Amino acid sequence: MGAWGPGLFSDDTACDVRDEYREMLEDGVDDDETTQRMLGSYADVLDDPDEATSVWLALAVTQSKLGRLHPTVRDRAIAAVDSGSDLAKWSDSPRLAAKRRDVLEKARAQLTGPQPQRKKVRRPSRHVTDLQPGDVLSHRATNGNLALLRVARIDVDRHSVAPVLVALDFTGTSMPTQPELDSLADKPQTPFKLDGRPLPSWASASWLVAVNQRVDYNTAGFQRARRTIARPGDPTFDTRTYTAWQLLQRELERNLTDTPVPEP
């Protein structure tokens with residue numbers, strides 16, 4: 001757990017509190033019971049002076065935005081702000097400390113000011129892909145190069161049932177035969193550093209792809225072309241890259257455009 005910036009939710013603990021609280025409401029848990037469950041779940045964290053402020057503020061501000069601010073949570077969050085203990089963590093950086101002070105002042109004003117009406121919280125719609133492990137998708141770039149992506153596994157969570165794709169190590173303009181397809185290895189990722197430079201081609205070679213704004217693979221220019229054999233480790237294959245179909249399409253266009261078209 002840790003903070004990566006002075007923002008209220010630039011903090012792992014605060015994000016967890018916000019997300020867990022909303023998920024309980026989405027599941028239909030009563031307001032008071034949700035509050036009690038959250039306080040019970042984070043009881044140990046609330047005993048930690050370095051973490052307690054994040055919990056109280058994240059819970060109070062999230063409740064306030066939803067018109068559900070509990071008086072006890074409000075009072076504890078305001079007391080945490082007024083104590084000044086949170087700013088001590090930012091004492092090494094006057095610039096960040098000033099930004100954090102602004103964040104805390106805005107949060108306090110929100111909690112002490114007029115509260116919005118209670119908002120309904122509904123579980124978000126859950127898109128379920130029709131792709132299956134072993135499916136192979138193709139995408140053709142404007143220069144004619146073809147990318148082949150296989151479905152390694154299906155990732156299931158409360159928001160989506162989405163495919164985990166792995167690029168096959170293939171360069172060409174036409175679909176390989178089935179034996180050739182089954183023998184293709186996964187494409188290695190190109191190493192890169194987060195130093196501000198543009199990402200190299202194939203900086204990512206695997207993705208978890210969720211539907212965004214109702215754009216699915218077939219409307220983003222991907223074709224379900226073939227099926228291929230499973231590879232070792234597919235049931236637990238993990239990826240560091242999360243994307244949407246239209247973003248993946250743009251990434252592949254860049255990757256494939258940077259790849260020379262094979263001689264006929």
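I number residues from 1 along each chain as its sequence is written, and side-chain values use heavy atoms, without hydrogens and water. In this predicted model, local features need pLDDT of at least 70 and side-chain atom pairs count only at pLDDT 80 or more, while totals for chains, interfaces and linings use all residues.

**Salt bridges.** I searched the whole structure and found 19 salt bridges (a side-chain nitrogen of Lys or Arg within 4 Å of a carboxyl oxygen of Asp or Glu). Arg 158 pairs with Asp 27 at 3.1 Å, N to O. Arg 158 sits in the loop between strand E3 (146–156) and strand E4 (160–167), and Asp 27 in the loop between helix H1 (12–26) and helix H2 (31–41), so the pair ties together parts 131 residues apart in sequence (helices, H or I, are DSSP runs of at least four residues and strands, E, of at least two, numbered from the N terminus).

**Burial.** I looked up Arg 153 and Asp 155, which form a salt bridge at 3.5 Å between the closest N and O atoms. Arg 153 and Asp 155 are both buried (under 20% relative accessible area; exposed is over 50%, partly exposed in between; 1.4 Å probe, protein chains only). Arg 158 is partly exposed at 22%, and Asp 27 is partly exposed at 41%.

**Trp 202.** I noted a positive phi near 60 degrees at Trp 202. Most residues other than glycine have a negative phi. Trp 202 is buried at 10% relative accessibility.
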